[in-house]
Amino acid sequence: MKYNQPFGVSDPNAGYINGNPATGVQGSIPPAESIEYPQREIVAMIAGAGLAPDNGDLGQLLKALKLADVHNVLKIGTNQGTVNQWSMACPALPIMPPPLGTSVWFKPGLASVNGGTTFSLNGSSYLPVVNCDLTPIALGDIVSTAWLLMYCDGPHWQVLAGTTRQFGALPILTHNANWYVNSTSGNDSFDGAASAPGSNNAGPFKTLQRAADEVIKYNQNGYNQIITIADGSYGAVILKKPNGSGTVFWIGNQPNPVNCSISTGVPNTAAIVCNGAGHFVQGFRLSSTGIGNADGIFCTDGLLEVSSLQFGPCTRYHMVAGAGSTLRMQGGVITIEAGAACSVHIGGESTGTIGTGTPPSLNILGPVNISVFARGIQLAIVQAIYASITGKANVHGQQYAASGNSIISASGGGPTYFPGDLPGVVDTGGQYLP
Amino acid sequence: MPTYQPSDWYWFIGADTDNVWSSARAMLVPIADPDYAAWLAAPNHTPTLATMAELEDTLRNSYPAGTLKTYAADSRYRKASGGLTMTSISPVPFLSDPVSRNTLANANEYAKVTPHTTDWKLSDGSFIPLSPAQLATSTSNMANFVQSCFTKESEMVAGINGGTITTIAQIDTAFATISNVVP
């Protein structure tokens, strides 16, 4: 409503005066609007806050203000959209689309996902939902039970409150995360969160490296990340140290690892390099034929667990644990192809350790030249025990070599436990424990 | 998976799948043996060795009491290296470890060529003077003592092969008959 001057006065801003019969001054005549319109305004506020106007309660305007300001009845709502396209309805807004400064309380009711999320208020155009640093909200930022304070800065809806993300910190996982890689149908620009291409950029990554680069973006917070890799051929990958506690599982084809192959011919390159603790690799064929330090799998730091691996030719090691690291075999079948020549099948270097958790089966498919089956150099420990060994006689080479105070243990398997038609050798303090 | 403990482990030997060798008991036990069953359930994995000789090679240094022959060899070594008292020379035992035996023999040979009195150190750290004759007697006593230990070991191996020696206790009894005190 506007200001309504006294009846019959031309000045739109004239004030009201009291009448004084003693002096002959006539008082102002209040127009009807001056009485009716303020009532309408107040009643609109009372009703808009959800109260029923009542002449018996002359404190309703204050209550309405409290309902709006404290109980947020004019700016609160739940998600009427999807996991990545949020929408909310509230009492009609005086300005649409919502301008800079609009803020509402909103409950998505779903955990946030990668790939971009948008928000619409009262049917406005969808705008991106971002953190305070304008990065898109991502997996782990919003839990399904959270209430968010959404603020429109013009081009975005910022989440001012309710996110789990601390400014500058990694998104925190609140459940296991699943990723997919497919060398045929995948694309490294997809979000990696779906096994097949779909809408809104959903689909598998194309390369293992893209997946390796994705998993380190999150604080695992005790949860695991499971990467499912489709059958196919893949290039070499460097696994990086995950953040937070939890394990990153790389799952190829465990019954038939030959169908999920990682290979490279680049000099001094391993098919898999593991640079940090917390990975479990299973179900792959590995081959690395470049000159120099070309290995099947090279663990450089922390604990790496492996299962169900098949080895093709490798220039240097099939499996090696470098300085201070531990590579642990965990069940399944370790397969060595006929002709899968290498210098060493399992080796430890410079305090590196290769060990066995759950004994795997060892299957050597045909004649193969392996210069040394088990090798330890410079304080390394190589301890291997197999549930069974098939094709032991196929190996041509030395059974073991322990040097530099390294220990090679057959864990009771006996003096000629490891495959090879040449006896093992110890020197410079190396020991073989049968 | 539990850590390999040579002192309490089990092996299949050759083609025998009805029994396993127990290092803790130094004997074959049937696969239904309750202690073996409990060990398997740990869980543990039972390795297979082609022959008993391979098992003896496996346990020779890590746990000689695990098989009868390695125990017999270890008993011989401990007995022969445990000292010898020659009462006609000294009530204090002579050291009889391999280095000491070799040193005694060399001292005796040297005294034969260049007769002299040798200061000999006994097991308690004291020294006694030994004439060439006493050196010769000491060397002979020592050689006879060590030979008796090896003879006993060979008897044990024959008995193990013949099935008459089947327990650690029998080996202990046999070596106990060798005296480490001579005139």
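Trainee: What should helix α1 of chain A span at 1.5 Å a residue, and how far apart are its end C-alpha atoms?
Mentor: This is a predicted model, to begin with. Helix α1 of chain A covers residues 32-48, which is 17 residues. At 1.5 Å a residue it should span 24 Å. The end C-alpha atoms are 24 Å apart, so the two agree.

Trainee: Which residue with a positive phi follows α1(A)?
Mentor: Gly50(A). Its phi is near 95 degrees.

Trainee: And how many helices and strands does chain A have?
Mentor: Chain A has 3 helices and 30 strands.

Trainee: What is the radius of gyration of chain A?
Mentor: It is 36 Å. A compact globule of 434 residues would be near 22 Å. The C-alpha atoms fill a box of roughly 135 × 40 × 35 Å along the principal axes.

Trainee: How much of chain A is buried?
Mentor: 45% of its 434 residues.

Trainee: Switching to chain B. In what order do its elements run?
Mentor: From the N terminus, β-β-β-α-β-α-α-β-α-β-β-α-α-β. The C-alpha trace spans about 65 × 35 × 25 Å along its principal axes.

Trainee: What about charges on chain B?
Mentor: Chain B carries 10 positive and 16 negative side chains. The centres of the two sets lie 8 Å apart.

Trainee: And on chain A?
Mentor: There, 17 positive and 22 negative side chains, with centres 4 Å apart.

How values were computed: Residues numbered from 1 in each chain as written. Chains lettered and ligands numbered in written order. Predicted model: local features only at pLDDT ≥ 70, side-chain atom pairs only at ≥ 80, totals over all residues. Heavy atoms only, no water. Helix = DSSP H or I, 4+ residues; strand = E, 2+ residues; numbered from the N terminus. Expected span 1.5 Å × (residues − 1). Rg over C-alpha atoms; globule rule 2.2 N^0.38 Å. Buried < 20%, exposed > 50% of the residue type's maximum accessible area, 1.4 Å probe, protein only. Lys, Arg positive; Asp, Glu negative; His and termini not counted. Charge placed at Lys NZ, Arg CZ, Asp CG, Glu CD.
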